[in-house]
Each structure stands twice: as C-alpha cells, then as structure tokens.
Amino acid sequence: MKRIIRSARFWIPFLIATIVVTTFFAWELDFLKSFLPSLPRIAPTTEEILFSALLGFLLSLTTGLLFWNIKEGSCPIGIKRATGFAGALGAITLICPVCVIFPASLLGLGIALGVIAPFLPVLRVIAIVVLGITVWMLWPRLE
Amino acid sequence: MQTTPTPTPKKFPWLIVSLGIVVALVGYSFVIKGQPSAVANGYSCPVQQPICKGGDCMKNHLCAAGTCSKECPGNCQHSA
C-alpha cells in the first residue's frame, strides 16, 4: 500500500486518467455546453452524477493500478480488456434513456442501443462491479 | 537441481463475470416484465413534468433542440 502511495508510476496515470475521464463525463452530462457542442439531453439526475463520479474514480484508480502493476511485472491477464469493457459500458449508460436512441442512430446503431434503454440501471451496476473486480485484482497483496 | 516454479499469472475471471452479467440481465428482465411502466419509462422522457409547453417552446433550448419533444406527453413538437 505504501509503495503505491509513494509511487509516481501510480499517481501520474491516475491523475491523467482523472482529468480525461472527468472531462469526458462532464461533456457527456452536458456540463461543458458553454464550451463544447453537446449531446441532446435533459439535465442529468443526481443518480447519474453520483454514478459518473464513482465510475470516474474507479476508472482512474484502475488505470493507476494498471500502470503500477505493469512496471511491477504482475499484471493479471485480461485486466485491460475488462477495464475497457467496463469504461465503455459506463459511458454508454450515462447517455440518458431517450437520448441514447438519437446519437446511436447517427452511428447506425439505433435499434441495438435503443433496446438497452430499459436496462441502463442494471448495466450501470454491472460496469461498477466489473471495475470493482479489476481494482480488487490489481490491488497489491501482502506477501 | 531444483528450479523455482514460475508463478502462474492471474487471469480475469471472464467466465464468472459473464455468467453474473447474464444472470443479472435475465433477472432484471423478469423484474421489469412484471412492471410494464419500467419498460415504458426506459423509452420515455425522464422528466416528470412537460418541459415545453404553450408558446415558450423555442425559448427552452432543450425543446428547441428537439429533445423530449415526442417522448413527453404534453410537450411541444419539434416543429412547433
């Protein structure tokens, strides 16, 4: 634990990921509409803001732990894919239920993503659980 | 001469996680199947009150952009 806290190999990726993820989620939740064109959506709910904060923290923590573990040479197989899967799933589920149809339609995925609209709450939980497992696996154990 | 066994690298438990995801989705399907309103809410505007009403439709940037125009009963149509 102390090795991680004192390691720049953890903190630099963690902070970079925090900035990137926070900026992306802020744009997705329409907080940057003064500066950037945004997706058509209504104001985010408290639940969405809390979920995005938790997701962003877990994504940043996973990124920091991932880089730290790569340097330490003990990175579990499949962790990068799991992190990417959970991050993408979380980002998709932050699009509001109705609005998911419109931007997805632009990509020709309207039907595919429109079907998942009622499942957004459970998909958010799945994204958080997968990220929780990656953090648990990347967390250094006492030897 | 003994050699130190190479530790097997850990693997992400994709099988267990995949099964968990399937169980969660199927279970949730049964939950919302018993509550038709949950499905309807998934496709309807999350705001409880119509946000675009009367002659002020275009003053609200959400209405002007067409958001929730059709999905929310009582809201103005995009062309209004």
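**Exercise 1. Determine how many helices and how many strands chain A has, and in what pattern they follow one another along the sequence.**

Solution. Counting the elements of chain A gives seven helices and zero strands. Reading along the sequence then gives the pattern α-α-α-α-α-α-α. As a further step, 33% of the 143 residues of chain A count as buried. Of the contacts in chain A that join residues at least 6 apart in sequence, 73% link residues at least 24 apart.

**Exercise 2. Find how H2(A) and H3(A) are oriented towards each other, and which classes of residue make up their contact.**

Solution. The axes of H2(A) and H3(A), the latter covering residues 46-72 of chain A, come within 8 Å and cross at roughly 150°. Because angles over 145 degrees count as roughly antiparallel, H2(A) is roughly antiparallel to H3(A). The handedness comes next: H2(A) passes H3(A) in a right-handed crossing. On the H2(A) side the contact includes A:Phe10, A:Trp11, A:Phe14 and A:Phe25, and on the H3(A) side the residues include A:Gly56, A:Leu59, A:Gly64 and A:Trp68. Sorted by class, the residues of this contact divide into twelve nonpolar, seven polar and two charged.

**Exercise 3. Decide whether A:Ile77 is buried or exposed, and state where this residue lies.**

Solution. A:Ile77 is found in the loop between H3 and H4 of chain A, where H4 spans 79-93. Since a residue counts as exposed if 12 or fewer other C-beta atoms lie within 10 Å of its own, and A:Ile77 has 12 such atoms, A:Ile77 is exposed. For a sense of its position, A:Ile77 and A:Phe10 are separated by 67 residues in sequence and by 19 Å in space, taken from C-alpha to C-alpha.

**Exercise 4. Work out the orientation and handedness of the packing of H4(A), with H3(A) and then with H7(A).**

Solution. Begin with H3(A) and H4(A), whose axes are 11 Å apart and which pack at an angle of about 160°; H3(A) and H4(A) are therefore roughly antiparallel to each other. Their crossing is left-handed. In this contact A:Leu55, A:Leu59, A:Thr62 and A:Leu66 of H3(A) meet residues of H4(A), among them A:Ile79 and A:Gly87. By class, the contact has four nonpolar, four polar and one charged residues.

Turn next to H7(A), which covers residues 120-138 of chain A and packs with H4(A) at an angle of about 150°, the axes being 9 Å apart. H4(A) and H7(A) are therefore roughly antiparallel to each other, and H4(A) passes H7(A) in a left-handed crossing. The residues that meet include A:Phe85 and A:Leu89 in H4(A), and A:Leu123 and A:Val130 in H7(A). The contact of H4(A) with H7(A) has 13 nonpolar, four polar and one charged residues.

**Exercise 5. State which elements of chains A and B have the lowest and the highest mean pLDDT.**

Solution. In chain B, which averages 65, confidence is lowest in H2 (residues 36-43), at a mean of 55, and highest in H1 (residues 14-33), at 88. Over residues 69-73 of chain B the pLDDT stays under 50. Where pLDDT is low, the predicted coordinates should not be read in detail. For the complex, the predictor gives an ipTM of 0.72 and a pTM of 0.71.

Terms used:
Residues numbered from 1 in each chain as written. Chains lettered and ligands numbered in written order. Predicted model: local features only at pLDDT ≥ 70, side-chain atom pairs only at ≥ 80, totals over all residues. pLDDT = per-residue confidence, 0-100. Helix = DSSP H or I, 4+ residues; strand = E, 2+ residues; numbered from the N terminus. Buried ≥ 20, exposed ≤ 12 C-beta atoms within 10 Å, placed from the backbone. Contact = placed C-beta atoms within 7 Å. Axes fitted to C-alpha atoms, helices over the stretch in contact; angles between N-to-C directions. Parallel < 35°, antiparallel > 145°, perpendicular 65-115°, else oblique. Left-handed = near helix turned anticlockwise from the far one by under 90°. Nonpolar A, V, L, I, M, F, W, Y, C, P; charged D, E, K, R; others polar.
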